[in-house]
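This report looks at how the side chains of one protein model pack and pair with one another. Please keep the sequence and the structure in view while reading.

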Amino acid sequence: MEVAAVDGSQFKSCYELFPDPLLLQTPEGTWLTNPAADALGLSQTDLDRLSEWDGSSPIWLSRQFFYVQGHRTADGLFLLLVADSFLSSTTDNLSSQLRQTLSQAFNSLALLKESLTSDTSPAIQGWISGLTQALFRIFRMATELEHSTANELSRHKSCLDLTQWLDSLTTELRYWCPASDKVTLRAELPSAPLAAMANYTLLDYLVTHLVSNAIKAASGQEAEIVLSLKKNADQAVLTIHCNADALSPEVLTDPLWNQPTRLLPGRGLGLGVPITQRIAALHGGTLVASHTKDGSQITLSLPTAIPEGYLASPALRPNIIDEFSPVRVVLSDALSVDAFHPHNLTRSNK
């Protein structure tokens, strides 16, 4: 695309009515934007990332994925942003194939576990634990790929008792975190039920992913994580606090996906934070990260308004813990191999 030298007023007049976000970075580094780009509320981090645009896509900006088309000229860098659903058809196909292969692998693993006896050596049990963990981590990636498409996240919500939900979720989180992982999980719950229109499966994913990040940030040290739920006016406020810098503001504005050179083994695809932000948005809520004097925290605010005439009693989160629980799948990147011991389902709840 050809771009003539323009000043701010000329740029606005030419592109004011253009429906997609357009940006021009002048040779001096100044950014000119049309109203559609202004509406995104791009941060300085977003603009810095765009200034380094090299033709790769997609890119995470303003809490969503965009496909970027651009052209560099002597007059600057001209960029067109098009909302992107992260290569939906390719992602769905890849995730489907991964799930089919994983199903076969888990079936074979189940048969292998059935052959274990009390005389099976600890070394063999350790190998099976490592294999189980690796398969769960691949399972986690397949789940992230599914969730990354625009239409994959369920919008179905029902009246949910958030107090019971968080109590039940915390119990399951404790169950999957063995003592050897040095993880202390504590819930601070209101004394009365707190209802909101929500999808507990999606909220499970959101909270579990943030807990997983906190465990990984502790890097083998003692991880102290507190889940606190309170009511503030017409909002339910859930705070996840940890004694590490896992939940600092940078995790919301600069997710790992934007820096592929940092996608280290065992750290997943880097799609978790974008997905948690999408889940919060689907609930009409917000995520805010902040530093604290002894660590960091993320606060999720959800509206508690119930539609007029809604008569059903608040739904409860099931207390059944399944071997292939989505909570265990999301945690698999953060837990040690001990959490995948062949006999771990016989452990009592902690």
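Leaving aside its neighbours within four places in sequence, Val211 is in contact with Leu173, Leu185, Ile225, Leu227 and Leu331, where contact means heavy atoms within 4.5 Å. This is a predicted model, in which local features need pLDDT of at least 70 and side-chain atom pairs count only at pLDDT 80 or more, whereas totals for chains, interfaces and linings use all residues. Residues are numbered from 1 along each chain as its sequence is written, and side-chain values use heavy atoms, with hydrogens and water left out.

Val211 is one of the residues with the most contacts inside the largest nonpolar core, a group that also includes Leu162, Trp165, Val207, Ile225 and Leu331, and this core has 61 residues. The largest share of the core, ten residues, is supplied by helix 7 (residues 200-218). A nonpolar core is here a set of buried Ala, Val, Leu, Ile, Met, Phe, Trp, Tyr and Cys residues joined through side-chain atoms within 4.5 Å; buried means under 20% relative accessible area, exposed means over 50%, and partly exposed lies in between (1.4 Å probe, protein chains only). Helices (H or I, at least four residues) and strands (E, at least two) are DSSP runs, numbered from the N terminus. In soluble globular proteins, nonpolar side chains tend to be buried together.

When its neighbours within four places in sequence are left aside, Thr208 is in contact with Leu169, Leu173, Val327, Val330 and Leu331.

Apart from the largest nonpolar core lies another core, of 15 residues, among them Trp31, Leu40, Leu42 and Val68.

## Salt bridges

A search of the whole structure finds seven salt bridges, each being a side-chain nitrogen of Lys or Arg within 4 Å of a carboxyl oxygen of Asp or Glu. In one of them Arg140 is joined to Glu144, with the closest N and O atoms 3.3 Å apart; both residues lie in helix 5 (residues 122-147), four residues apart, about one turn of the helix. Arg140 counts as buried at 5% relative accessibility, and Glu144 counts as buried at 1%. By contrast, the side chains of Glu188 and Arg186, which meet in a salt bridge of 2.8 Å from N to O, belong to partly exposed residues, with relative accessible areas of 34% for Glu188 and 43% for Arg186.

Asp204 and Arg317 meet through their side chains in a salt bridge of 3.0 Å, N to O. Because Asp204 lies in helix 7 and Arg317 in the loop between strand 12 (295-303) and helix 10 (326-331), this pair ties together parts that are 113 residues apart in sequence. Asp204 and Arg317 are both buried. Elsewhere, salt bridges that share partners join Arg137, Arg140, Glu144 and Asp333 into one network.

## Aromatic pairs

Ten aromatic pairs are found in a search of the whole structure; rings of Phe, Tyr and Trp (its six-membered ring) pair if their centres lie within 6.5 Å, and planes under 30 degrees apart count as stacked, over 60 as edge-to-face and the rest as tilted. The rings of Phe11 and Tyr15 have centres 5.0 Å apart and planes at 55 degrees, so this pair is tilted. Phe11 and Tyr15 both lie in helix 1 (residues 8-15), four residues apart; Phe11 counts as buried at 1% relative accessibility, whereas Tyr15 counts as partly exposed at 23%.

The rings of Phe106 and Phe324, with centres 4.9 Å apart and planes at 80 degrees, are edge-to-face. Since Phe106 lies in helix 4 (residues 88-114) and Phe324 in the loop between strand 12 and helix 10, the pair ties together parts that are 218 residues apart in sequence. Phe106 is buried, with a relative accessible area of 10%, while Phe324 counts as partly exposed at 35% relative accessibility. Phe106, Phe136, Phe139, Phe324 and Phe340 form one aromatic cluster.

## Cysteines

A search of the whole structure finds zero disulfides, a disulfide being a pair of cysteine sulfur atoms within 2.5 Å. Cys14 counts as exposed at 53% relative accessibility, whereas Cys177 is buried, with a relative accessible area of 1%.
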